Structure formats: C-alpha cells, structure tokens
Amino acid sequence: AGGATSPRSLSSHGSAGASAMAMAMAGGARAGDLTPASILLSEVKSDIKLVFRDLSPENACTFTCTVYNAIHFAALRAVYCDSEWGYVQSLAFCARWAATGGKSGASFHRTEDGRFVVKHVTKTEFLMFLDSAFDYFKHMHKAFFQQFDTMLVKILGVYKVVTAPRGPGARKTTRYLVVMENLFYGRNIPSRLTFDLKGKSRSQKQPAAAVAAAARDGGGAGGGNDAIGSGGDGAAAAGGAG
C-alpha cells in the first residue's frame, strides 16, 4: 500500500484487475465478447482480495476483504439489480436487524433502503456455499436466460472481512458475510402467503406465528437454498416471488 499524507487517510491495494480476470474466464476472448450469460456458465474462479489500512495513530487498523466469485456475482447483479452503483450505495448504509423466527442464532444487517439483507454466517456455511457456487450460478443462468422457475433467494455477493487492529491487546476478527435480496422489498404480501422453505434433512420446524412475525419484520433473507439462504433465520419466502 502507498504512503499517506494525512493522518486520517486510508491506503489500499487489490489483486489483479477485474478486466484481466474476465479475459481469462473467456479463454482469451475479447472483453466485448463477454456477456452475463457466458460469465455465469464459466467455472474459472474470480476471487479478489482488497486490503485497506486506516493510518491514523488512534485507529490504526488493517481491513482485508475477499470478494469471492467477483465476476460471476457482478454478472448476476447486471441482470438482476438496477445498477452496480445502486448495489454499492445500498450496502454503504446498513443497520443491525433483529430478525425473528430463526434457530441458528445468525445475526443480520439490513440496508437502510430495505433492498438487501446481509447475513453473518459460520465458516462452515460459507464454505458449503463456495463448494457449490458454480452450480448456483448455472441455476441462475437457467432462471434468467432459459425462463426456468426457481424458488431460490438471490444471493448477490459473498465476502470474507478480516479486521486487524494494531496495538496492545488488539484481536483480529473474521466475518463471513452473504448479501441477499430482501424478498419483501417493494411488495405488499399478506402473511397467509408467506412460508419458510427448508433444504435440511433434520427437523427444524417453526411455528406459524414465528414465520408470520418474520414477515412482519420485513424479512425475506431466505429462500429454498442451502444453509446460507435458509429462510428460518428471520426470513419468509413469498409464494410465487421466486
């Protein structure tokens, strides 16, 4: 990272640029030949690691954010979100969200505009998704480009964030974050049309009242995918909202 001229400044550096990775994904094809559809079918990894440092003496800290499958998720957001800038602006303003109805104990944040939910997951859950990520992107390709019906919540980005403060007694923390659509954003769905989908082999039933409470809370972090997107953590899936 470069030096700083101001005590409050941040320095940062990242891995190889997205354009270079996109070229590699297409086997050397021109960038103009790449489309969201072709990228979603690619099985070339496109992880990016970004490092930011707060150089101020009183808050010296290093932040490392690993963006997994960066190009794939950018392609997915290109066909599902209004814009990449809108996605970033939404995530810039989040607040802790006390979701109800779940059993895993996971914590959540929700963007202040209500569009997205950020779920804090365990390392095990995170790795489970990464192991099946290419299958997920292929499924999304079918949903968006082949008109396949799906009940999966749209996962729009997965990130590992490491915070490493400096100084005596400072402890490094690692967070595994999954950004998902809020199924209830912009929709007025009666509680009788909300339900909680589970893709689990073990019993994890929730009383109807808990699911209804999740809906009233403005849930929607969940759907019918694996442990990361399971709707029981304060989220209800809307019938037909797929």
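Biologist: How many helices and strands does the chain have?

Modeller: The predicted model has seven helices and ten strands.

Biologist: What share of the residues is buried?

Modeller: Buried residues make up 43% of the chain's 242 residues.

Biologist: Which contacts join residues at least 24 apart?

Modeller: Take the contacts between residues at least 6 apart in sequence. Of these, 67% join residues at least 24 apart.

Biologist: Let's pick a helix. How many residues are in α6?

Modeller: Helix α6 has 13, running over residues 133-145. From first C-alpha to last, α6 reaches 18 Å. That is close to the 18 Å expected at 1.5 Å a residue.

Biologist: Which residues of α6 are buried?

Modeller: Ala133, Tyr136, Phe137, Met140, His141 and Ala143. They cover an arc of only 165° around the axis, so they sit on the same side of α6.

Biologist: Why do residues three or four places apart point the same way?

Modeller: Because an α-helix has 3.6 residues a turn.

Biologist: Now α5. Which of its residues are buried?

Modeller: Glu125, Phe126 and Phe129 are buried in α5. Their arc around the axis is only 100°, which puts them on the same side of α5.

Biologist: What about the other side of α5?

Modeller: There, Thr124 and Asp131 are exposed.

Biologist: And what covers the buried residues of α5?

Modeller: The cover includes α3, β6, α6, β7 and β8.

Biologist: How many residues are in the largest nonpolar core?

Modeller: It has 37 residues. Those with the most contacts inside this core are Phe73, Leu76, Phe129, Tyr136, Ile155 and Val158. Elements giving two or more residues to the core are α2, β3 (61-67), α3, β6 (116-121), α5, α6, β7 and β8 (173-181).

Biologist: New topic. Where is Ser46?

Modeller: Ser46 is in the loop between α2 and β2 (48-54).

Biologist: Is Ser46 buried or exposed?

Modeller: Ser46 has a relative accessible area of 0%, so it counts as buried. Its side chain makes a polar contact of 3.4 Å with the side chain of His72.

Biologist: How far is the C-alpha of His72 from that of Ile39?

Modeller: The two C-alpha atoms are separated by 6.0 Å. Along the chain, Ile39 and His72 are 33 residues apart. Ile39 is found in helix α2, and it is buried, with a relative accessible area of 11%.

Biologist: Which residue with a positive phi follows α6?

Modeller: Gln147. Its phi is near 60°, a positive value in a residue other than glycine. Gln147 lies in the loop between α6 and β7.

Biologist: What about phi of Asn69?

Modeller: Phi of Asn69 is near 50°, also positive in a residue other than glycine. Asn69 lies in the loop between β3 and α3.

Biologist: Are those two buried or exposed?

Modeller: Asn69 is at 2% relative accessibility, so it counts as buried. Gln147 is exposed, with a relative accessible area of 62%.

Key:
Residues numbered from 1 in each chain as written. Predicted model: local features only at pLDDT ≥ 70, side-chain atom pairs only at ≥ 80, totals over all residues. Heavy atoms only, no water. Helix = DSSP H or I, 4+ residues; strand = E, 2+ residues; numbered from the N terminus. Expected span 1.5 Å × (residues − 1). Buried < 20%, exposed > 50% of the residue type's maximum accessible area, 1.4 Å probe, protein only. Arc of directions from axis to C-beta. Core = buried A, V, L, I, M, F, W, Y, C linked by side-chain atoms within 4.5 Å. Polar contact = N/O pair within 3.5 Å; in protein donor to acceptor, adjacent residues only side chain to side chain. Contact = heavy atoms within 4.5 Å.
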